[in-house]
Amino acid sequence: MTSSTRPVAVVVDGYSAGNFYPAAFAAYGADVVHVQSTPRINPTMQAPDLTAYSRNIICADESELVELLRPYGPLCVVPGQEGAVRLADRLSEALGVPSNGSALSRARRDKYEMIEALRRAGVRCAGQFKSADPAEIVDWAQERGSYPVVVKPLSSAGSEGVVVCDSAEAVRTAAEAVLGTQDMFGGANTEILVQSYLRGTEYIVDTVSCAGERYVCGVWEYEKTLLPSGKNIYNRDLLADPDTDPVPALTAYVDEVLATLGVQWGPAHAEVIVTDEGPVLVEIGTRLNGNINAPFHDVCLGHNQAALTAQVYARPDEFRAAYAGRVYRRLQPAVVYNTPTELDGVVASVDETAVAEIRGLESVFFAGVKLAPGARIRPTVDLMTSSMKVFLTAPDDHVLEADYEKVRSLKDAVYRVA
């Protein structure tokens, strides 16, 4: 057990973006305990760095887990990734620490329940239907009388299984492809969700809340390409100027969503499309933005969502004084580029000269090579199958755009494919 003189934060399944939590809490003098909810590490996501934690607890029995955590007197229990949201809600509630609670936990995770909660509250939202029967999904789409519609799993993440369908046959194919599979968190897809298609530009809205007082820590515009298959390639995320439209409207709308879904504490990552009628929620997750790179965000925004979350729980008065009810400032333009590829084969080697050229560009803050020699590379069909992730930021928009174009020209030279 950690020293009783230091506060303790608990992270449940600290995969991917959750890896930024240990350092964030350590900056406030807190030790961090990791809860691993599965017997083995999930291979579909970036694994947690367990050396960064004071202890890793593997326990399948929730009652026993609560008793194992209670002696630490934790500051908080936070989910390290989307699949851990409901467990973190239950644990934080049982331990009596700041919590969003479990009453609306399902609506913060299940995409159907999420939108229905907004509908009941009179918040603008998509039309939708769910079923375990692909034929019923097709019937709903046909009865609406207009295409496209969107077919997706109930609890996926990272655009997994999301297909824009322009015909009954496309709906049937997409629904059958979802049913009976597992999502990236190991959950079974026993039902299918179909929603009305939202026309407009999509944005990320990231927030951190402290006892119901939120801070908008970033708004990013998605630049997407819709493939003939109905799947979206998420190309660039562009940091929006907070003083220009549609950031004020997005902020006001997300405030309604947070209130409706009972988000009182911690981070949230919302995806919202600005339609002709106004902003409409695609989905929201009460966890860190999966695209977070803490040092990169520190440069372009002056803070990052993981550090702000740690401050909420470790020093709530300090957070409220500095951030409550406010919106971020953009210190300099920034782009997150998920590089698409049409390469198809096995990675024979990585061209380190091309990688070095990308990393040497003035505005490139970080460039992550996602595939190693021996890995299968396929044409990009969604966010998960992009070939690299490149973070760019510079005071000068022209430098940023020129470097982005240079990365575009070099991205496929990174991989030699057999």
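A polar contact of 2.7 Å joins the side chains of Arg287 and Glu82.

Me: What kind of model is this, and how are residues numbered?
Reply: This is a predicted model, in which local features need pLDDT of at least 70, side-chain atom pairs count only at pLDDT 80 or more, and totals for chains, interfaces and linings use all residues. Residues are numbered from 1 along each chain as its sequence is written, and side-chain values use heavy atoms, with hydrogens and water left out.

Me: What is a polar contact?
Reply: A pair of N or O atoms within 3.5 Å; within protein, one must be able to donate a hydrogen and the other to accept it, and residues adjacent in sequence count only if both atoms are side-chain atoms. Between the side chains of Arg287 and Glu82 the distance is 2.7 Å.

Me: Is Arg287 buried or exposed?
Reply: Buried means under 20% relative accessible area, exposed over 50%, partly exposed in between (1.4 Å probe, protein chains only). Arg287 is buried, at 11%. Its place is the loop between strand 13 (278-285) and helix 8; helices (H or I, at least four residues) and strands (E, at least two) are DSSP runs, numbered from the N terminus. Contact means heavy atoms within 4.5 Å; leaving aside neighbours within four places in sequence, the contacts of Arg287 include Pro79, Glu82, His269 and Gln305.

Me: Which residues of helix 8 are buried?
Reply: In helix 8 (residues 294-301), they are Ala294, Phe296, His297, Cys300 and Leu301. Seen down the helix axis, these buried residues fall within an arc of 155 degrees (taken from the directions from the axis to the C-beta atoms), so they line one face of helix 8. They pack against several strands, among them strand 10 (213-226) and strand 14 (334-339). Just after helix 8, Gly302 has a positive phi of about 85 degrees.

Me: In what order do the strands of the open sheet run?
Reply: Two strands pair if DSSP finds at least two bridges between them. Here 4 strands form an open sheet in the order 5-8-6-7, with antiparallel pairing. Strand 5 (128-131) and strand 7 are the edge strands, each pairing on one side only. Strand 6 (residues 149-152) and strand 8 (residues 192-196) pair over 4 bridges, and Val149 has Ser196 as its bridge partner in strand 8.

Me: How many disulfides are there?
Reply: A disulfide is counted when two cysteine sulfur atoms lie within 2.5 Å. The structure holds 0. For Cys59, the nearest cysteine sulfur, that of Cys76, is 19 Å away. Cys59 is buried, at 9% relative accessibility.
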